Amino acid sequence: MMITLTDIRYSGPGRPVDGYGPGFFRIDGQVLEGAVIVAPDGARVWAGWTDRAALLALAGRVDVLLLGMGRVIAHPDPALRAELDALGVGVEAMDSPAAARTYNVLLSEGRRIAAALIPV
(Lines give C-alpha, C1' and ligand atoms only; values in the text may rest on other atoms or scores of the structure.)
Protein backbone atom coordinates (compact mmCIF):
# COMPACT_ATOMS: atom_id res chain seq x y z
CA MET A 1 0.00 0.00 0.00
CA MET A 2 1.28 3.46 -0.86
CA ILE A 3 0.24 6.68 0.79
CA THR A 4 0.07 9.60 -1.65
CA LEU A 5 0.64 13.13 -0.41
CA THR A 6 -1.31 16.17 -1.63
CA ASP A 7 -0.13 17.64 -4.93
CA ILE A 8 1.42 21.09 -4.48
CA ARG A 9 3.25 23.21 -7.05
CA TYR A 10 6.92 23.79 -6.31
CA SER A 11 9.43 26.21 -7.73
CA GLY A 12 13.11 26.47 -7.03
CA PRO A 13 15.47 23.78 -5.80
CA GLY A 14 14.30 20.68 -4.02
CA ARG A 15 11.92 17.93 -4.97
CA PRO A 16 8.71 16.95 -3.15
CA VAL A 17 7.96 13.68 -1.45
CA ASP A 18 5.05 12.32 -3.51
CA GLY A 19 4.31 9.30 -1.36
CA TYR A 20 5.67 6.48 0.75
CA GLY A 21 4.97 2.90 1.66
CA PRO A 22 6.56 -0.06 3.41
CA GLY A 23 10.29 0.30 2.81
CA PHE A 24 10.24 3.05 0.15
CA PHE A 25 9.62 6.70 -0.69
CA ARG A 26 8.47 8.22 -4.00
CA ILE A 27 10.22 11.53 -4.52
CA ASP A 28 9.33 13.68 -7.50
CA GLY A 29 8.10 10.55 -9.30
CA GLN A 30 11.16 8.41 -8.53
CA VAL A 31 10.87 5.43 -6.17
CA LEU A 32 13.78 5.05 -3.75
CA GLU A 33 13.96 2.04 -1.46
CA GLY A 34 15.21 2.29 2.10
CA ALA A 35 16.27 5.41 3.96
CA VAL A 36 16.63 8.61 1.94
CA ILE A 37 17.88 12.17 2.16
CA VAL A 38 15.85 14.78 0.32
CA ALA A 39 17.83 18.00 -0.07
CA PRO A 40 17.98 21.04 -2.36
CA ASP A 41 20.19 19.12 -4.81
CA GLY A 42 17.79 16.18 -5.05
CA ALA A 43 17.05 12.89 -3.35
CA ARG A 44 19.32 9.95 -2.73
CA VAL A 45 19.45 6.69 -0.85
CA TRP A 46 21.01 7.12 2.58
CA ALA A 47 22.76 4.49 4.73
CA GLY A 48 20.89 5.69 7.82
CA TRP A 49 22.28 6.70 11.19
CA THR A 50 25.70 5.21 10.47
CA ASP A 51 26.12 7.84 7.71
CA ARG A 52 26.38 11.00 9.82
CA ALA A 53 28.67 12.63 7.22
CA ALA A 54 25.80 12.92 4.74
CA LEU A 55 23.77 14.87 7.29
CA LEU A 56 26.67 17.09 8.35
CA ALA A 57 27.35 17.87 4.67
CA LEU A 58 24.00 19.70 4.54
CA ALA A 59 25.45 22.55 6.64
CA GLY A 60 25.42 25.85 4.78
CA ARG A 61 22.83 24.57 2.31
CA VAL A 62 19.82 24.18 4.62
CA ASP A 63 18.52 25.91 7.72
CA VAL A 64 16.45 23.00 9.03
CA LEU A 65 16.83 19.24 8.79
CA LEU A 66 13.72 17.18 9.44
CA LEU A 67 14.51 13.73 10.80
CA GLY A 68 11.84 11.18 9.94
CA MET A 69 12.49 8.53 12.56
CA GLY A 70 10.35 5.80 10.96
CA ARG A 71 6.91 4.68 12.03
CA VAL A 72 7.08 6.35 15.46
CA ILE A 73 8.77 9.40 16.93
CA ALA A 74 12.15 8.71 18.50
CA HIS A 75 14.90 10.95 19.79
CA PRO A 76 17.96 11.37 17.57
CA ASP A 77 21.45 10.92 18.97
CA PRO A 78 22.12 14.00 21.15
CA ALA A 79 25.70 14.22 19.82
CA LEU A 80 24.41 14.39 16.22
CA ARG A 81 21.91 17.07 17.17
CA ALA A 82 24.69 19.08 18.87
CA GLU A 83 27.00 18.74 15.84
CA LEU A 84 24.29 19.95 13.46
CA ASP A 85 23.33 22.78 15.80
CA ALA A 86 26.98 23.91 15.97
CA LEU A 87 26.98 24.01 12.16
CA GLY A 88 23.85 26.20 12.11
CA VAL A 89 21.38 23.47 11.10
CA GLY A 90 18.21 23.24 13.17
CA VAL A 91 16.94 19.71 13.76
CA GLU A 92 13.33 18.58 14.16
CA ALA A 93 12.58 14.91 14.81
CA MET A 94 9.20 13.35 14.09
CA ASP A 95 7.78 10.19 12.56
CA SER A 96 8.55 9.80 8.85
CA PRO A 97 5.01 10.45 7.55
CA ALA A 98 4.87 13.75 9.46
CA ALA A 99 8.41 14.65 8.34
CA ALA A 100 7.49 14.05 4.68
CA ARG A 101 4.38 16.23 4.94
CA THR A 102 6.20 18.99 6.82
CA TYR A 103 9.06 18.89 4.32
CA ASN A 104 6.61 19.42 1.44
CA VAL A 105 4.92 22.36 3.14
CA LEU A 106 8.21 24.09 3.95
CA LEU A 107 9.52 23.34 0.45
CA SER A 108 6.42 24.96 -1.07
CA GLU A 109 7.18 28.07 1.02
CA GLY A 110 10.66 28.26 -0.50
CA ARG A 111 12.46 27.38 2.73
CA ARG A 112 16.01 25.98 2.85
CA ILE A 113 14.96 22.54 4.05
CA ALA A 114 16.12 18.93 3.92
CA ALA A 115 14.72 15.67 5.27
CA ALA A 116 16.41 12.46 6.30
CA LEU A 117 13.73 9.76 6.26
CA ILE A 118 13.73 6.24 7.66
CA PRO A 119 11.07 4.09 5.92
CA VAL A 120 7.87 2.99 7.63
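Two strands are taken to pair if DSSP finds at least two bridges between them; strands (E, at least two residues) and helices (H or I, at least four) are DSSP runs, numbered from the N terminus. The structure is a predicted model, in which local features need pLDDT of at least 70 and side-chain atom pairs count only at pLDDT 80 or more, while totals for chains, interfaces and linings use all residues. Residues are numbered from 1 along each chain as its sequence is written, and side-chain values use heavy atoms, with hydrogens and water left out.

Strand S7 (residues 64–68) runs parallel to S9, and five bridges join the two; within this pair, Leu 66 stands opposite Ala 115. Strand S5 (residues 36–39) is joined to S9 by three bridges in an antiparallel arrangement, with Val 36 opposite Leu 117. Strand S9 itself (residues 113–117) is mostly covered, as five of its five residues are buried, buried being under 20% relative accessible area, exposed over 50% and partly exposed in between (1.4 Å probe, protein chains only). Ile 113, Ala 115 and Leu 117 point one way from S9, whereas Ala 114 and Ala 116 point the other way.

Tyr 20 belongs to strand S2 (residues 17–21) and counts as buried because its relative accessibility is 9%. Its C-alpha atom is separated by 8.7 Å from that of Ala 100, a residue 80 positions away along the chain.

Asp 95 occupies the loop between strand S8 (90–94) and helix H3 (96–108). Although buried, Asp 95 has no salt bridge, defined as a side-chain nitrogen of Lys or Arg within 4 Å of a carboxyl oxygen of Asp or Glu. The nearest side chain of opposite charge, that of Arg 101, is 5.0 Å away; Lys and Arg count as positive and Asp and Glu as negative, with His and the chain ends not counted. A polar atom of the Asp 95 side chain lies 2.8 Å from the backbone nitrogen of Ala 98. Contacts (heavy atoms within 4.5 Å) of Asp 95, not counting residues up to four places away in sequence, are made with Gly 68, Met 69, Gly 70, Arg 71, Val 72 and Ile 73.

Most residues other than glycine have a negative phi. Asp 28, which is not a glycine, has a positive phi of about 50°. Asp 28 lies in the loop between strand S3 (24–27) and strand S4 (30–33), and counts as partly exposed because its relative accessibility is 44%.

Conventions: Polar contact = N/O pair within 3.5 Å; in protein donor to acceptor, adjacent residues only side chain to side chain.
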